[in-house]
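The sequence and the model come first, followed by notes grouped by topic.

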Amino acid sequence: MIFVTYGKDIVKNTYDILKESDIDLYLNSNFSVSIKPNLVVSRPAYDGATTHPEVIEGIIIFLKDFGVKKIKIIESSWVGDSTKRAFKNCGYEEISRKYNVPVIDLKSDSCTVLKYGEYKIEICDEALKTDFLINVPVLKAHCQTRLTCCMKNLKGCISDNEKRKFHSLGLHKPIAELNMLIKTGYCVVDGICGDLTFEEGGTPVESNRIIAGQNPLLVDSYCAELIGYRPDEIGYLAHGKKLGVGEYYSQDTKIFELNPENKPVHKVKSGRTADSYKNNIHEDSACSACYSSLIYALHRLGSKIKGTEKIYIGQGFKNKSGDGIGIGNCTLGFKKCVTGCPPKPTDIIDALK
């Protein structure tokens, strides 16, 4: 079962969709509950990269009315950015004070190594010890995995070293296996104005939609189709299905809608901007922060980038050399390199010009 609501009253709509959902089948008022938003960068939600604080507020009000007394907000921004700055700039410190709900920076948390399949994964203890994890991602595109939503949002529950390792492993399989180790209690997707180009935001598409459901794979596969992808086009969804994380959304899935009169008029699809630059990019185990800086720069340059320009990016190019343009400190051996971890998009633009 998937629940969807539409409209601009974010707090009320979040509260209402949870009230009408089947969350009561899984949640107990005696549980400790951790809310995991997406604060990958320190940018306001209207830019399309981070979870609206109003969605979190609606969840907190619902939980308190449900009788839950132990509530936390947990998160870890991507490598190179500050979670504490994101909590402040994205409105979460205010939410914390208003409702007396602590915000926990997982970058400072202890970790436990758990094994599933072929991977050993260093997971933050706050994510493991909670009784009930509410996963609150943004529905948006990702420059490497195409979609980032519920399953990928759990990557914020691992250490920074583990995040780097995930990229060296290709992201898809470790993301799927992480979802076998961290149990999601419920998913609430912020589909208000996610960026459908890449995960750092800047080109938001207003949809005014909130999506809820218990199973992260089911919800993600539904969300993938909303932006124009078949579930099997997203590697970690396909692998997650094989592992048994859940099943894909299908015509047999029950969809419960609130406020359907407020549905977006146009069907929103990803422009697949990142895909259009793949002929230029030679990528090997690049981290998202670095890769999205490159995509942002290429997006800004548009037709000014030469079709034959060779650009190298990723951990796989450490200690290697070449005549093309290297992006990030991993490509210091290249004839021309834009330094930084991650480099600034403006520096990449200058180099590519």
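**Briefing on the predicted model**

Thr339 has a relative accessibility of 47% and therefore counts as partly exposed (buried means under 20% relative accessible area, exposed over 50%, and partly exposed in between, with a 1.4 Å probe and protein chains only). The model is predicted: local features need pLDDT of at least 70, side-chain atom pairs count only at pLDDT 80 or more, and totals for chains, interfaces and linings use all residues. Residues are numbered from 1 along each chain as its sequence is written, and side-chain values use heavy atoms, with hydrogens and water left out.

**The loop between β16 and α12**

- Thr339 is located in the loop that runs between β16 (334-338) and α12 (345-352); helices (H or I, at least four residues) and strands (E, at least two) are DSSP runs, numbered from the N terminus.
- Apart from its neighbours within four places in sequence, Thr339 is in contact with Asn329 and Leu332, where contact means heavy atoms within 4.5 Å.
- Between the C-alpha atoms of Thr339 and Gly326 the distance is 8.4 Å, and the two residues are 13 residues apart in sequence.
- Pro342 also belongs to the loop between β16 and α12, and a cis peptide bond with omega of about 5° joins Cys341 to Pro342.

**Cysteines**

- The whole structure contains 0 disulfides, a disulfide being a pair of cysteine sulfur atoms within 2.5 Å.
- Cys337 is in no disulfide, and the nearest cysteine sulfur, that of Cys290, is 9.0 Å away.
- Cys337 is partly exposed, with a relative accessible area of 24%.
- For Cys287, the closest cysteine sulfur is that of Cys341, at 6.8 Å, which is too far for a bond.

**Packing of α1 and α2**

- Helix α1 (residues 10-20) packs against helix α2 (residues 53-66) at an angle of about 45°, and their axes are 7 Å apart; axes are lines fitted to C-alpha atoms, for helices over the stretch in contact, and angles run from 0 to 180 degrees between N-to-C directions.
- This angle makes α1 oblique to α2 (under 35 degrees counts as roughly parallel, over 145 as roughly antiparallel, 65 to 115 as roughly perpendicular, and the rest as oblique).
- The residues of the contact of α1 with α2 comprise 8 nonpolar, 2 polar and 4 charged; Ala, Val, Leu, Ile, Met, Phe, Trp, Tyr, Cys and Pro count as nonpolar, Asp, Glu, Lys and Arg as charged, and the others, Gly among them, as polar.
- Among the α1 residues that meet α2 are Ile10, Val11 and Leu18, and the α2 residues in this contact include Val55, Ile59 and Phe62.

**Packing of α8 and α10**

- Helix α8 (residues 172-181) and helix α10 (residues 235-243) have axes 8 Å apart and pack at an angle of about 45°.
- The helices α8 and α10 are therefore oblique to each other.
- On the α8 side the contact includes His172 and Met180, and on the α10 side it includes Tyr236 and Leu243.
- By class, the contact of α8 with α10 has 5 nonpolar, 4 polar and 2 charged residues.

**Further loop residues**

- Arg230, in the loop between α9 (216-226) and α10, counts as exposed at 57% relative accessibility.
- Asn208 has a positive phi of about 50° although it is not a glycine, and Asn208 is buried, with a relative accessible area of 13%.
- Asn319, another residue other than glycine, has a positive phi near 65°, and at 84% relative accessibility Asn319 counts as exposed.
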